[in-house]
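Student: I would like to learn how to read some features of a protein model. Where do we begin?

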Amino acid sequence: MPVSKGSAWKKYLVFISFFCGSLYFAEMRYDFFRLREMEISPGNVIPEELIWQAMPRRAVNFWPYLIFNGDVFAERVTDFYPVSMKLRFSGWGKYKLTVEPLDVILSVSWDSKLWLLSSDGMMWQANLPAAVMVKGLKYPTRPTLVWDSQLPVPIDAERKRGDIYTSNLPMERIRKWYDTIEKIYWHKSVSHILASKMAGRRIVRILLSGKGRVFGEIVVKDDASDWLSIAAALEKIYPSASGGLPEGLVVNATYTDGKMLVEKRHM
């Protein structure tokens, strides 16, 4: 005798109810879905209690929650502390969490404040109190990048959720600036790199310093492709200037025809 569709549907509902009831009973009696373990590696980058404070309550009671909402958990930490977090499943109710300090590559002066910039394009104020809690955070030794107020805002303020911002800076171009300068013989005399505007286009001013004061300045286009040739030309013109320029000179090398204008200024 064929089974009616209604009867089959009732059996299906009974099976589902039994299955859900069994899971509920197992959970109530044995904490079947409770988070069992969170292995944090390395374990000393930030205090462990900060991580557990950020853990959603749902994730503690129902560990699969983190499989689909791990980013929400991570952002509760990474929006306020300069660290990166990677979460991966390692077994029933178990996860491995990797926490690392962000790789700081530059200090950036903007809006009358000093900021830090990481290699993955995140920015935060250098005096951020929460950064004191992060172990292994290394501070840059490269010349400070000064970002002029005439240029586009270097942080994405609209996406702000905490104290760590996504940077709007042209990261690849800035890397090229610093990589090129480090190949120039007088790179140790560079104290600041100023990004600003001249005649409606972005230019870079390289400040040369010694004995605690600025003694020279070289103004170049923001495309670093000709910086090495400019440095070589200056070396031929001023062979005895170990710091790149004689004291008090400002060289403007932004002209499209390759010419350089040299001025004497009191610094």
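Tutor: We can begin with one residue. At 81% relative accessibility, Ser112 counts as exposed, because the cut-off for that class is over 50%. Keep in mind that this is a predicted model.

Student: Where does Ser112 lie?

Tutor: Ser112 belongs to the loop between β4 and β5. Asp111 has its place in the loop between β4 (104-110) and β5 (113-118). Asp111 is partly exposed, with a relative accessible area of 44%.

Student: How do I read the phi values of Asp111 and Ser112?

Tutor: The general idea is that most residues other than glycine have a negative phi, and most peptide bonds are trans. In this structure, Asp111 has a positive phi, near 55 degrees, and Ser112 has a positive phi near 60 degrees. Neither residue is glycine.

Student: Which peptide bond is cis?

Tutor: The bond from Ser41 to Pro42 is cis, with omega near -15 degrees. Look for Pro42 in the loop between β1 (37-41) and α2 (48-54).

Student: How do strands β2 and β3 pair, parallel or antiparallel?

Tutor: Strand β2 (residues 83-91) and strand β3 (residues 94-101) are antiparallel, joined over 8 bridges. One of the pairings can be traced by eye: Val83 has Pro101 in β3 as its bridge partner. The two strands form a hairpin with 2 residues between them, and Gly93 in the turn has a positive phi of about 75 degrees.

Student: How is empty space inside a model found?

Tutor: Rolling a probe the size of a water molecule over the atoms shows where empty space is left. Here the count comes to 1 cavity of 30 Å³ or more. The largest cavity holds about 40 Å³ of space.

Student: Which residues line the largest cavity?

Tutor: Among them are Ile184, Trp186, Ile206 and Val220. The elements β11 (213-221) and α6 (227-237) each give two or more residues to the lining, and α6 has the largest share, with 4 residues. By class, the lining has 9 nonpolar residues, no polar ones and no charged ones.

Methods:
Residues numbered from 1 in each chain as written. Predicted model: local features only at pLDDT ≥ 70, side-chain atom pairs only at ≥ 80, totals over all residues. Heavy atoms only, no water. Pairing = 2+ DSSP bridges. 1 Å grid on protein atoms, 1.4 Å probe; cavity = no way out; pocket = protein on both sides within 12 Å on 5 of 7 lines; lining within 4 Å. Points joined across faces, edges and corners; volume = space filled by probe spheres on them. Nonpolar A, V, L, I, M, F, W, Y, C, P; charged D, E, K, R; others polar. Buried < 20%, exposed > 50% of the residue type's maximum accessible area, 1.4 Å probe, protein only.
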